[in-house]
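Dear colleague,

Please find below the structure I am passing on to you. My notes on what was found in it follow directly after.

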Amino acid sequence: MATSLPSTTHEIMLTDDPAGLPGPEHFTLAERPFPVPGPGQVVVRNRYFLVFPGLRTLIGGQPDGVPLPRINVGDTLFGPAVGEVVVAAPGGPFRPGDMVTHLLGWREHALLAAADCAPLDDALPDPVAQLSSGSAAYGALTRLAQVRPGETVFVTGAAGGVGTLAGPVARLLGAGRVIGSTRSPEKAERLRAELGYDAVVVPGPGRSVDEQLAKAAPDGIDVLLDNVGGEQLTAAVRAARRGARFVLIGALAGQLAPQGDGGSALAEIDTFRLVNQGVSLYGYSGQDHPEVTEEWTRRFGGWLRSGEITFPHVRVPGMERAARALQELFEGRHFGTVVVELPPR
Ligand SMILES: NC(=O)c1ccc[n+]([C@@H]2O[C@H](COP(=O)([O-])OP(=O)(O)OC[C@H]3O[C@@H](n4cnc5c(N)ncnc54)[C@H](OP(=O)(O)O)[C@@H]3O)[C@@H](O)[C@H]2O)c1
C-alpha cells in the first residue's frame, strides 16, 4: 500500500569506538531528515532487520578479506533487512507495497537503488524467515562436507542462528547422529528437546570438551560444522574419523572475544592427526556459492510448510531495543536467529 515520503527517520548510529565488545553505550538512536529519492531509487520501510555477530568485526575492527565496509564512528549500522517499498518511481521494477530484502537494516527507512533490493516471492511462508542464516549451514553441508547417510555431524555454536538450522538440516540430508555444542545447559536441553540433537557438548570451566565429545561420539565424527573455533575446534580434530570433512563457517570464539578486534580467531590443532586421518578442512564463504541462496530458500520453504523444520528466532520489538539486542546476542542470551521487528507503519 502506498504511503508518503517520510520527512525524518530513526537510525542506530555508532557514537564511540569500543575498547572491547560494543554495548548500548556506544550507540545512539539518531533522528535524521530523510533525503528526497533520486532517479532509480526506492524508499523502503523496514519491517525486520538481523542482529548478527559480524557487526562486532565491522565496528572499529580491521575486517581483512570481509566483503563489507568497516563501520566508523558517525556511521549507521547496516545488515540484512526485510521491508516494504513505500516510494518507487513509475516504470521501475518495484511498486509501493512490494516486499523486498536488502542490506540497509538498523534504520526505519532505507533509501536504495532499486538494483540493491531483491523482491520477496512466496517461497517462504513468513517474510521474517528470509533473514535466516540457514543458507550457510545448507551450503556448507551440501557443497563442502557433502554429508552422507548415517554419518555423525558435530555442530559448534548449535544454539545460534546458523546452528539451530544446521542440526535439523543435517538430519534431513541423511546424517545418522547429530551433536551440538552450547555453553548453556538450558539451551542444551532445548537443542535436544526441540531440535532433535542426539547429544550436546557443554563447554565450561571444569568441563572437558574432549571427554564430552568422546562420550557423545564414541566412534568419532565424520563432519564438523564449526561456528566457534578455539578449544572446540581443537577437540573436534582429536575426534575426527578417517576421511572427515571439517567446514569452518564462523569463528565466534575469536569474533566475540572481549579482547582483540573480532577479526581473528586462533586455535591449536593437531595437524599430524589431520594428515593421518585424511581430514579435509574447508572455509565456507557464501560468496563462493552464489547459487546456494535460491536453492536453500526453496528447500527451506518446503521444509517449513511440511513441518519438517522450524525457524527458531526471537523478535525484539522496536528500534529502542535494537542496541540492547546486539549486546544480548554477544552475551549468548538468545536461542536461534535474533531480529528486530518494527511496526508496519
Ligand atoms: N560463512 C558464512 O557464509 C556465514 C554466514 C552467516 C554467519 N556466519 C558466521 O557464522 C557464525 C555463527 O553465526 P550465527 O549467526 O549462528 O551466530 P549467533 O546466532 O550469534 O550465535 C552465536 C552462538 O555462538 C555462541 N557464542 C557466542 N560467543 C561465544 C564465544 N565467545 N565462544 C563460544 N561460543 C560463543 C553462543 O552460543 P552459546 O551461548 O549457546 O554458547 C551463541 O548461541 C558467526 O561467526 C558468523 O559470523 C558465516
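Helices here are DSSP runs of H or I with at least four residues, numbered from the N terminus. By that numbering, Thr234 belongs to helix 6, which covers residues 230–238. Please bear in mind that this is a predicted model.

I begin with Thr234. Is this residue buried or exposed? With a relative accessible area of 14%, Thr234 falls under the 20% cut-off and is therefore buried. A polar atom of the Thr234 side chain is 2.7 Å from the backbone oxygen of Glu268. If neighbours within four places in sequence are set aside, Thr234 is in contact with Glu268 and Ile269.

The second topic is the ligand.

- Arg183: an N or O atom of the side chain is 2.8 Å from an oxygen atom of the ligand.
- Lys187: a polar side-chain atom is 3.0 Å from an oxygen atom of the ligand.
- Tyr284: a backbone N or O atom is 2.8 Å from a nitrogen atom of the ligand.

The ligand taken alone exposes 930 Å², and the protein buries 84% of that area.

With kind regards

How values were computed: Residues are numbered from 1 along each chain as its sequence is written. This is a predicted model: local features need pLDDT of at least 70, side-chain atom pairs count only at pLDDT 80 or more; totals for chains, interfaces and linings use all residues. Side-chain values use heavy atoms; hydrogens and water are left out. A polar contact is a pair of N or O atoms within 3.5 Å; within protein, one must be able to donate a hydrogen and the other to accept it, and residues adjacent in sequence count only if both atoms are side-chain atoms. Accessible areas come from the Shrake-Rupley method with a 1.4 Å probe; for residues, only the protein chains shown count as cover. Helices (H or I, at least four residues) and strands (E, at least two) are DSSP runs, numbered from the N terminus. Buried means under 20% relative accessible area, exposed over 50%, partly exposed in between (1.4 Å probe, protein chains only). Contact means heavy atoms within 4.5 Å.
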